[in-house]
Amino acid sequence: MSKTNRKQDALDYHSQGRPGKIQVVPTKPYSSQRDLTLAYSPGVAEPCLKIADHKEDVYKYTAKGNLVAVISNGTAVLGLGDIGPEAGKPVMEGKGLLFKIFADIDVFDLELDTKNVDDFVKIVKALEPTFGGINLEDIKAPECFEIERRLKEEMNIPVMHDDQHGTAIISAAALLNACELQKKKMDKIKIVVNGAGAAAISCSRLYVALGAKKENIVMCDRSGVIRNDRANLDPIKQEFATSRNLNTLAESMKDSDVFIGLSSADCVTADMLKSMAKNPIVFAMANPNPEIAYDLAISSRKDLIMATGRSDYPNQVNNVLGFPYIFRGALDVRSTSINEEMKIAAVRAIADLAKKSVPEAVNMAYNAKNIKFGKDYIIPKPMDFRLMTNVSMAVAKAAIDSGVARKTITDWDAYAEELKRRLGMDDSIMRAITNKAKQAPKRVVFAEADNYKILKAAQIVRDDNIAIPILLGNKEVIQQIIEENALDLEGVQIVDPALEPERMKKYAESLYQKRQRRGVTLFEANKFMRDRNYFGASMVEFGEADAMISGLTKNYVSTIKPALQVIGTEAGVNRVAGMYMMMTEKGPVFFGDTTVNVDPTVEELVDLTLLLEKSVGKFNIQPRIALLSYSNFGSNEGEVPEKVRKAVKILHEKHPQIIVDGDMQGNFAINNAMLKDNFPFSRLADAPANTLVFPNLESGNIAYKLLQELGGAEAVGPILLGLKKPVHIVQLGSSVREIVNMITIAVLDVQAKEEDANPVKRRGILNRIAKK
């Protein structure tokens, strides 16, 4: 290998900064001697020289751009006070874990044994070459203000004291939404702030930046109201000193609109709350015990909105909603600072997210049915994965717009996908399918619309413009479930078969004509139509809906039978089959047949393979098909290997264009290196299979369920193949997310059938795909 190539290999190696799952996992390969020579001597010299020539290349060749220092001197640890740097270290390590879990940011915690501001600043400033950002933590006031101010002025990387700004940002988002719910305006509200430390000062400053009037803020400390006539007043407190004739917290609370508590437990009484103005807002954020107990507060006034710092009550003001994503956005554009514009962007992004429909995964995480914007939900939950994209992107945009970013993002969709990948949410194929579905939403009839999960899924696909739901069932029951769960399905069509005698008669007559020579009488056909699976399938058959979803509360057979009798199979298809799309870490793998054909013959295996090949192709994926058995190319004899080998032979002879091989064992099918070493003649030797055909239903069903439970793969399906018009069946007890996935697949299925019927349109789509 030439010297030039070795240099380039070393540079390529050191620029591989891919996110790791946990902090101790290396971000670059290390399994071979060659990897080690690139990582250190002699390969490491090349990136060193590049960085020496151009200092900004440190972000390209090292982990600096994803590394934050959490730094404290232990002078204000939680509510424990000045307990020293060693005692504060567990908190700093915990903060590092939160950075990694929520935003995939690597952290090194540093505990400094100094209370001297000059020494503190000097030490941290000297660390600038190592870190991409500095998170200051648990430093007492007033020193924290001076330390942050000087570091922001003297350093060229983002610096933020989270105790100040984190609480300010989250509580400000909560305050904006609480004011909206209580019909109060920021420039009119009278605010009482109890506590005058770093968080209280920063909160008050940010509220003013968002429209509150400084003259409407009264701040209290241990000595009472901070008045401008107080002797020896601290310069920091002077900023919010009042000229009003108030002396105590109780006096200040009278007729106030908002109470902000950043002080100590049980300093507020029920009488104080009762003296506040109509529709008050109370943020009692002292930890672990708030300024007034939650139960006492809400029993004192019914018109109150309450927030605390605790996770066991609604509206937890938790800094984890902010700091991971603020730093994520700042790091990703190599911001030189975290400025006011970025903080305000974070406030508005957090506030806006609380008004959006809550994902089912978040409901499940908090054992709730339908969390929605209101007095008990004014800020998002910490486990809401959308914070990563919404807040990080808002902060990054604000950094770019305000001129402090050294890197510009132009493709925001790609950035959003990168953020999702960092959290292990790289379901790019489902996003691609969803985006395609949104281009032309189709009418999907839900045969089990008297079920909360179905209705929640219907709301999601309607809101996201994936599908146009049609709800099938008793109107009164459906409306009651909608109202009980506060679902937003206004304007969605509800069809009650019991109120549609003419339509039912039309459908029954059609079924009778199709099945009269298969033992179905007209009386029986009318009886069948009382079953919503028959009625819904008939809607699809008559073009009154484009697809049907069912199966959540019924077994597979009772759902598939009506579809087969009413709609039938595609031209040239002898039987239907079931397929699962398994979302694995290595990408999607398609399994079939997993639900329909118990023990397919040779000819049926051929038909199944052709069905799978066509269906996988609809996802714009080149099918690479392995027919599985317990043998590798005749290494074992038996009924199953023999059947599989005969099917492969027919496929090779009659369909040579298809990439297919077998018989082979499952591990060889997905490990092409092993396959190539042992069976280099195989048509799958150059790349692994992405479509697996099982010799019987038993093996396919067992395999997908084991992979789902032990391998952590997400199963999308079962996708029903071979019907003339789309009917898809969800598993018994599916989650809302799984139902939404199936609806999306159904819409894609409709689009694909329309494209198949329009060759010109199909060619245009294929040409666009080829160009990409």
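Reply: Happy to! Let's start at Asp 593, whose place is in the loop between strand 16 (587–592) and helix 26. Helices (H or I, at least four residues) and strands (E, at least two) are DSSP runs, numbered from the N terminus. The peptide bond leading from Gly 592 into Asp 593 is cis, with omega near -5 degrees. Before going on, please note that this is a predicted model, in which local features need pLDDT of at least 70, side-chain atom pairs count only at pLDDT 80 or more, and totals for chains, interfaces and linings use all residues. Residues are numbered from 1 along each chain as its sequence is written, and side-chain values use heavy atoms, with hydrogens and water left out.

Helix 26 (602–617) takes us to the largest cavity, because helix 26 is one of the elements that each supply at least two residues of its lining; the others are strand 20 (714–721), strand 21 (727–729) and helix 31 (736–756). Helix 31 gives the most, with 4 residues. By type, the lining splits into 11 nonpolar, 3 polar and 6 charged residues, where Ala, Val, Leu, Ile, Met, Phe, Trp, Tyr, Cys and Pro count as nonpolar, Asp, Glu, Lys and Arg as charged, and the others, Gly among them, as polar.

Another stop is the pair formed by helix 24 (residues 532–541) and helix 25 (residues 556–566), whose axes come within 9 Å and cross at roughly 35 degrees. Axes are lines fitted to C-alpha atoms, for helices over the stretch in contact, and angles run from 0 to 180 degrees between N-to-C directions. Contact means heavy atoms within 4.5 Å. Helix 24 brings Asn 533, Tyr 534, Ala 537, Ser 538 and Glu 541 to meet residues of helix 25 that include Ser 558, Lys 561 and Val 566. The residues of this contact divide into 5 nonpolar, 5 polar and 2 charged.

There is another cis peptide bond from Ala 141 to Pro 142, with omega near 5 degrees. Pro 142 lies in the loop between strand 3 (133–136) and helix 7. The axes of helix 7 (residues 143–154) and helix 6 (residues 117–126) come within 10 Å and cross at roughly 35 degrees. Among the residues making that contact are Phe 120 and Val 124 of helix 6 and Ile 147 and Leu 151 of helix 7. This contact holds 6 nonpolar, no polar and 6 charged residues.

Asn 279 sits in the loop between helix 12 (270–274) and strand 9 (281–284).
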